[in-house]
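Q: Hi, I'm new to this one. Could you walk me through it?

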Amino acid sequence: MNSDPFEPTIIGFTCNWCSYRAADLAGTARMKYAPNVRLIRLMCSGRLDPTFVLRALSNGADGVMITGCHPGECHYIEQNYKALRRYLLLKRVLQGLGIEPARVKLVWASAAEGAKFVAEINAFVEEIRKLGPLSWGKDEGGKLKDEEGNERSSFTTYSSPFEEVPA
Amino acid sequence: MNKYLFYPGCSMEASAKAYMESIRAILESLDLQLEEIEDWNCCGATEYLGINLIPAYALIARNLALAMKQMNAANGTGGTHTIVTPCSACYLNLAKADYYMQERPVLGEKVNEALKAGGLHYKPGALDVRHLLDILVYDVGLETIRSKVVRPLKGLRVAPYMGCMLPRPDYKHRWSDHEHPTELNDLLRVLGADVVEYPLTTNCCGGHMTQIGPETAFELIHRLIVDADARGAHLMATVCPMCQLNIDAYQDEMNHYFGTDYHMPILFFTQLMGLAFGKEPDELGIGVELVSSRNALAKIGVEVPITQEPAGPRKKAEGLPMPRRLSRHEEGKEAMK
Amino acid sequence: MTEKKQERVGVYVCHCGTNIAGMVDVEELAKWSAEKLGHQGVVIARDYKFMCSSLGQELIEKDIRELGLTRVVVAACSPHLHEKTFRTAAQKAGLNPYLVELASIREQVSWVHTDRVVATEKAKAVVAGAVSRVIENEPLEEIKVPINPNTLIVGGGIAGIQAALEIANAGFHVYLVEREPSIGGHMAQFDKTFPTLDCAACILTPRMVEVGTHPNITLLTWSEVVNVSGYVGNFNVTIKKKARFINEELCTGCGVCEEKCPKKVIDEVFEAGIGYRKAVYIPFAQAVPKFPVIDKENCTYFIKGTCKACEKFCPTGAIDFKQEDQLINIEVGNIILATGYDLFDARRVSNYGYGRFPNVFTSLEFERLSNAAGPTNGNIVLRDGKTVPKSVGIIHCVGSRDRNFNNYCSVICCMQSLKFAHLVHERTGATVYNFYIDMRTASKAYDEFYQRVLEEGTLFVRGKVAEVTDVARDEHEKGKLIIQVEDTLIGKQRRIPVDMVILSVGLQPRHDAKEVGRLFGISCSTDGWFTEKHPKLDPVATMTEGIFIAGCAQGPKDIPSSVAQGAAAAARVLDKILQKEVALEPIKASVDQKKCSGCRICNGLCPFNAISYIADDNISYINPALCQGCGTCVAACPSGAISGTGFSDAQILAQIDGLLLRTLEVEQATA
C-alpha cells in the first residue's frame, strides 16, 4: 500500500439538469476520467445541505466536488447562487474544523460540457492526491474511532443531525 | 480640494513643457492639487512593450509601486488612490500594467520580483489610473469649469483631437465611446469654443512612425490636418504630447512631402482652458509651438507674443546636398514615365 | 438503519451486451451484492444480458411477486434513459414505482474507465450507494391537478397570432394580450418577405382580421400583464388595460379624430422614427383592432388643457378623456409567451455613424422606406426625402457575431440584406454592395434567392466593415459615405464610396425580458432569450409547467420558424387541455408543522413563490402544485422541518454512506 500512489475517494454532487447530464454525456462520448469519483444526483445544487459534505468527509471521502449549472442557467432560475453562497460559507467552516478548504470544490458544468466535467474531475483528483488522505478519526491501523476512542465498525453509527436522538 | 497623485511623464519636461505650464496655470482655479510621484521614471512609451515584456512592465510598475508607497504613507491624512497623468501614452501604459498584472498573476509575480530588487512592491488594482481629461470632465465637472470661464472662446473653431491611445483599450470603461468619444468636445464647448465635427478624433497621429517610417506618419498627419482644415477649424486641440509633437513639428515636412501648404496650429486643451479662464498666453506656454497659433487666437482677441523667430525659409544644409525625398505627386509622375 | 426497516431488496445487474460486461465483472458484482449487502436487506442479486428487454423486466416483476421484494435496484444505464422503464415494470408487479432506484454503472463506470478491476470496485460502491438509498425511498403518488381550458397568449406578433388561431379554431378560449395599440408585431412593418417576396401585409392582415373577429379570442391590445400567480392548469393573471381615451363600444374606427388632430409627432414605433403620426392615432391602416389611441404624453389637451379637436369632430362621441387604466383578472390553464424581440441599437457601433450621418439607415428604417404604405410611399430615397441613391452599401452583422456586442448570429440579417439588395436594385437601379462576414442562407429556397441576387449584379464584399466615414481622401470620395473594409477574399483594404448605407442590425431580447421572465417564473439564457426546456427536443416548453414560448422571444428566427413555433406551442397547450388534468412529478418539499418554528428563512429562497407564511399558526406552508422540487428550502431549514420527497436527507445521507462503504471495507481489509 505504501508504495502505491494515494488513491483518494471523492464524492461528487451533481445537478439533475446540467452536471449529471454532463456525466452522461461524458459516458456516451466514451471520455475517460479517474475512477475516484462517485456521483450523487440531486435535483439542484441548491439542494446541497452542507451537512452532506461534512457527512461524506467524516465517512471516508477525501474530497467533495459540488457541481451545478452555470450562473444564470439554473433550471430553478437562481438556486445555484444559493449553492455558491453555502459553498463559500462552508469553506470557512471547514477551515475552522481544521480541514483544508481545498478538499471541497464548486464547479459549474452545463449539460453540454462533458469534456469540461471530465477535465474538472481529473484536475480535482490530482489536487486531492497532493493533499493526501483525510485520515481523521482513524488510528494507524486505519480503523475508525469514535470520540471516546472506541472502535467503530461502520458508518451506521452516524446519524443524521435531523433524526431524533435515541434516548 | 481634490487631491490626486500625479505622474507627469518625460514629455512634460521637454517637448510638452507648454502642456505642464498650462496645467499648473489652471490648477488653482479648479481647486485641484496634484502630488507628483517622487523619483518617477520613464514609462517606456510606445515601443518598449514590444521588445521585452517583463522589463517593460517592471519599468511601468515601478511608478505604480512608488505611487502606492506614497499613497500608503499619506493614508489617514486624506490620501487618494487615484493617479493622474496628462500624457496618453503614460496613461495607457500605467493602466495596461495595472490591468495585466491583475489579469495574469504570473506576470504580476515576475514584475514584483523585479521590483523587489529596489525594495518595491505593487499590488495590482491598488491604484486607479486616470487621465487628466477624465478627471476634469468627470470629477471637477463641466459645470464647475463653465463657472470659471471669463473669456469664452467664442468664434474660435476647434477640431477636438483625442488621439488613439486614450479611448482604447478602455480597461475600466471610462469613456463614452471608443471610436467617437465626446468628452473633449463637451469640455471645449463649455469653454465657449465652436467645436467642429471631427470624425478622425481617435485616429492615429503616426506615433513614433515619424522616426522609423516617416512616409506613413506623413500620410496619417496629412489625413488629420486635411480634414480639420476642410471642416473649417482654426486650430486643433489635443490631450496628448505625442499627437501635439507630430502634428506641430512634422507639419512642415508633411507639407513638403505632399506639396501642400497647410497651417494648422495644435494646442493642448489645457492651454485653451487657461485662455478661457482669463490667463495670458505666456502663462500657458502659448507661442512656443512651431505652427504658430497667432492668427487663430486673434479670432478671440488674444495676442500671442512672438517668442521665437518665424521658421522662415529652410537654411541651406552645410556640406554636400542630399537628394530630396520624392513627394507623392512626383512619385506618380515617375510611374507614368 | 437497515435492521429497523426490514426491507427486501433485489439487485439487478445489467450486462448491456458488452457495454457494461466488457469493463465490469457483472457476475462478481451480483455475487458481492448478495453477500456483502445482505445485512442491508438484499435478498436477491441477479445479472442479465439486457435488463431493459421484456425478458429482463419480467425477471424483476417475477421476483417482486414471488420473493416479495419491497425495493429494487437496477444497476444499468443512466436513470435519464431507463428509469421510467423499470418504474413501470415495478408498477405492473404491484410495487410503487418510486421504490426503484437506478445505479448508473454504464455512463458513470464502464464507459468512462479503463481498468476492469478498478471499474468493478467502483461499480460495487455505486450499487451499495443505491441500495442504501432505495431503503430510504418512500412510496410516492403522482399529483393530479385539473386544467383550466382557457389560454393566455402574450404578444400579438405573427407567432402569437398563429398560436391564438390554432387554439381558438380547436374550440378553446384564448386571451391575446398585446402591448401596442394593434396586433401584427414587426411583420406588419415589413414590406416584402424573403425569399418569395410576398407582400408582408397581404399575408399577415387576413390573419389579423381573423384574430379580431374570432368568437373564441378575447383581444386585449394596449394592455400588459402585471401579475401572475398559480401553477399549471390554474394560473391567475392580472392584466392592465391601459387607457385608450376612446370608448371602444362607440368607436367605429372612421379615423376622423386622427385627421383633425393638430399635433404631429415622430412615430418611433411603427414608422421606426422616419415617419410621423398624430397624437391620436391608429398605428397603421390595417390595424386590428381599428380603435385609435390618444398618446397622453403628446396630446395638446393633456398638456395644456385645451384643444379637444378630436372630441369635437368624432361623429359617435367615442372620445373619453376621463378613461382610466383598468385591471382585468382572468383564470387560465396555460400561457404562451410570444413577446418577440427588440432591435439592436445601431448607435452603439459608433464607427458606422448611425445618428451622425443622415444617410445611414437601420434595416427597420429601410423596411418602412421601401414599404408602399410607408412615409415615402415606397420610394427609396435619402434622408432629404427626394434624392434617389446611386450607390448603396448594406452592412451585415451589425451588433451580431461581435464580441463587443452580441456573440450570437441573428439568423435573419443575411436574408434580409439580400432582400434589401434586390429591392434597391429593382426600384432604383443603384449599384448595391453587400458587406458580409459569412453568407448564411440555410433554409428552404434561401440559397436560391442568394443566387438570384448575385445574378442581378449585386456586389458582395467579404469582410467586416471597419468604419463608415465622411472623411474623403480624394475627389471621388467627396460628399459620399465611405465604407472602409478589409476585403478578405483579395486580402486588401478597400474604401467604397456610397450614397446610402443600410445597417442590417441584429435582433436582441426584449429590454424587459428578464422582468417578464421573472413575472412568469421562467429563466433567460446568458444572452437574455427565454430558455426552452430542451434546445432540440422540447423547444417551446419551459422549465415551468404550463408556460410555453414561441417565436423570437426564444431566440432569433425568421417568419416561417416563428409560425411553426406558434403552432407547436398551441399543439402543446391543446394536448394539456385535452388531458383535462395534469400529473405533476411528486418530487416536492413539504413542511412538518410540528417542527417548523416559523423563522421564515425558507420564504425568500423559493423562486416560484411556493412558500407562504401562515401568520395565525406561525408556520410556513409549501404549495405542492407550485413547488418544483429543487430542494433549496430543504437544505436551508435550520430546524429540519422541511423534507423533500424523492431526495430526502435520509436518502442522500444513506447514499453517501453506501458509496463510501466499499472504501471502508477495503481499508479495513488491508489494515
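Q: How many bridges join strand 1 of chain C to strand 2 of chain C, and do they run parallel or antiparallel?
A: This is a predicted model, to begin with. In it, 6 bridges join strand 1 (residues 9-14) of chain C to strand 2 of chain C, and the two run parallel.

Q: Which residue stands opposite Tyr12(C)?
A: Tyr12(C) faces Arg46(C), which belongs to strand 2 of chain C.

Q: What's the strand order in the sheet?
A: The open sheet in chain C has 4 strands in the order 2-1-3-4, with parallel pairing. Strand 2 (42-48) and strand 4 (100-104) of chain C each have a single partner strand, so one side of each has no neighbour in the sheet. From one strand to the next, the twist averages 15 degrees.

Q: Which strands does helix 3 of chain C touch?
A: Helix 3 (residues 54-67) of chain C packs on the sheet against strand 1, strand 2 and strand 3 (71-76) of chain C. Its direction makes about 165 degrees with that of strand 2 of chain C.

Q: Okay, switching to chain B. At what angle do helix 8 and helix 10 of chain B cross?
A: Their axes cross at roughly 95 degrees and come within 10 Å. Helix 8 of chain B and helix 10 of chain B are therefore roughly perpendicular to each other. Among the residues making the contact are Phe218(B) of helix 8 and Tyr257(B) of helix 10. By class, this contact has 6 nonpolar, 2 polar and 1 charged residues.

Q: And how many residues do chain B and chain C bring to their contact?
A: Chain B gives 6 residues and chain C gives 5 residues. On the chain B side, they divide into 2 nonpolar, 1 polar and 3 charged.

Definitions and conventions
Residues are numbered from 1 along each chain as its sequence is written. Chains are lettered from A and ligands numbered from 1 in the order in which they are written. This is a predicted model: local features need pLDDT of at least 70, side-chain atom pairs count only at pLDDT 80 or more; totals for chains, interfaces and linings use all residues. Two strands pair if DSSP finds at least two bridges between them. Axes are lines fitted to C-alpha atoms, for helices over the stretch in contact, and angles run from 0 to 180 degrees between N-to-C directions. Two residues are in contact if their C-beta atoms, placed from the backbone, lie within 7 Å. Ala, Val, Leu, Ile, Met, Phe, Trp, Tyr, Cys and Pro count as nonpolar, Asp, Glu, Lys and Arg as charged, and the others, Gly among them, as polar. Angles under 35 degrees count as roughly parallel, over 145 as roughly antiparallel, 65 to 115 as roughly perpendicular and the rest as oblique.
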